[in-house]
Amino acid sequence: MTVSHDFGGRVALVTGAGGDIGRAVAVRLAGAGATVVLADLASRADAVEDTARRCRDERTSARVHTVAFDVTSASAVDAALAEVPTDVGPPDLLFNNAGYQGRFLPVGEYPPDDAARVLAVNVVGVLNVLQAFVRSLRADGRGGAVVNTASMAGVGGAANMPAYAASKAAVIGLTRAAALDLAPHGIRVNAVSPAFIGPGEMWDRQVAEQAAAPSQYYADDPATVEQQMIGQVPLRRVGSVEEVAGVVAWLLSADASYVTGENILVTGGIG
Ligand SMILES: NC(=O)c1ccc[n+]([C@@H]2O[C@H](COP(=O)([O-])OP(=O)(O)OC[C@H]3O[C@@H](n4cnc5c(N)ncnc54)[C@H](O)[C@@H]3O)[C@@H](O)[C@H]2O)c1
């Protein structure tokens, strides 16, 4: 059964909206009445357009606006949000979700430039978008809600993913700190931590990359790696993007009005 919240009159900014989880959340929010502002890299315009089309398919009257920015540039985020027409925004809901998995290599071999990129996108980028969102919201004194996408890797670590695990642990810390700072302004801030979610680009990539990377934890052929990953999940299957979207929608909804500073694991029981 799909539980639908009422997001009528709300405006939701979704980053990573051309990606698998961002798309599922955007469609869920648009279907439940929200105006959605879809954000991703300019190079992902086609994928964002696909998300926009699916939002309109879900609810013909859905209002959809698209913006392009790289989350690592605070000025680009600010400029793009300033361009959101006043009859659309500013957003009062944020799914702060853009992310980069990085390379799959053991900690001793991890390239510093890629580690810097992972931290720039997943930590500084999440902070940049949160700050721009808060600035535009506080201007008119409305409350709001934020969900940051962390990861099980940030809770329990993950082999061959030292930079990614560090970045997602940082997202959880940022979530708790921001929840404290923004509570007086009526803004709730929570995180979700998915583990193995598929099908999708990130699932395919992590299976292939873990098979290619040296480790005692995974075999070197993708089909076996897939089974090894699923074997770690008490529910014995990968999660769907819709199952992540359901938790995100709940956290953004009035049903979660007394929940802030939490990190909800969406892992099928891992952790
Ligand atoms: N899929 C999983 O198994 C899984 C598990 C745990 C956490 N996550 C997290 O969920 C989030 C969404 O992942 P997904 O599975 O949809 O992956 P995805 O690769 O399909 O989507 C990620 C999106 O982020 C965008 N992005 C990357 N760098 C950006 C930048 N610098 N500026 C703006 N946008 C940028 C990409 O263009 C892409 O559209 C990520 O934060 C990811 O780390 C995913």
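1. Let's start with one residue. If you skip the neighbours within four places in sequence, Leu252 is in contact (heavy atoms within 4.5 Å) with Phe7, Leu29, Leu93, Leu94, Ala145, Val146, Val147 and Arg188. Leu252 sits in helix α9; helices here are DSSP runs (H or I, at least four residues), strands are E runs of at least two, and both are numbered from the N terminus. With 2% relative accessibility, Leu252 counts as buried, a word that means under 20% relative accessible area, while exposed means over 50% and partly exposed is in between (1.4 Å probe, protein chains only).

2. A quick word on the ground rules. This is a predicted model, where local features need pLDDT of at least 70, side-chain atom pairs count only at pLDDT 80 or more, and totals for chains, interfaces and linings use all residues. Residues are numbered from 1 along each chain as its sequence is written, and side-chain values use heavy atoms, with hydrogens and water left out.

3. Now have a look at helix α8, residues 222–231. Which of its residues are buried? They are Val225, Met229 and Ile230. Looking down the axis of α8, the buried residues fall within an arc of 135° (taken from the directions from the helix axis to the C-beta atoms), so they line one face of the helix. That face packs against α7 (201–212). Ala223 and Gln227, on the other side of α8, are exposed.

4. Helix α2 is worth a check too. Its 14 residues reach 20 Å from first C-alpha to last, close to the 20 Å expected at 1.5 Å a residue (that is, 1.5 Å times one less than the number of residues). Buried residues in α2 are Ala47, Val48, Asp50, Thr51, Ala52 and Cys55, and their cover includes α1, β2 (35–40) and β3 (64–68).

5. Last, the second largest pocket. It holds about 290 Å³ of space, a volume being the space filled by probe spheres set on grid points joined across faces, edges and corners. On a 1 Å grid over the protein atoms alone, a pocket is an open set of points where a 1.4 Å probe fits, with protein on both sides within 12 Å along at least five of seven lines; lining residues have an atom within 4 Å of a point. Of its 14 lining residues, Arg23, Ala24, Val27, Arg28 and Glu242 are the closest to the centre. Which element gives the largest share of the lining? That is α1, with six residues.
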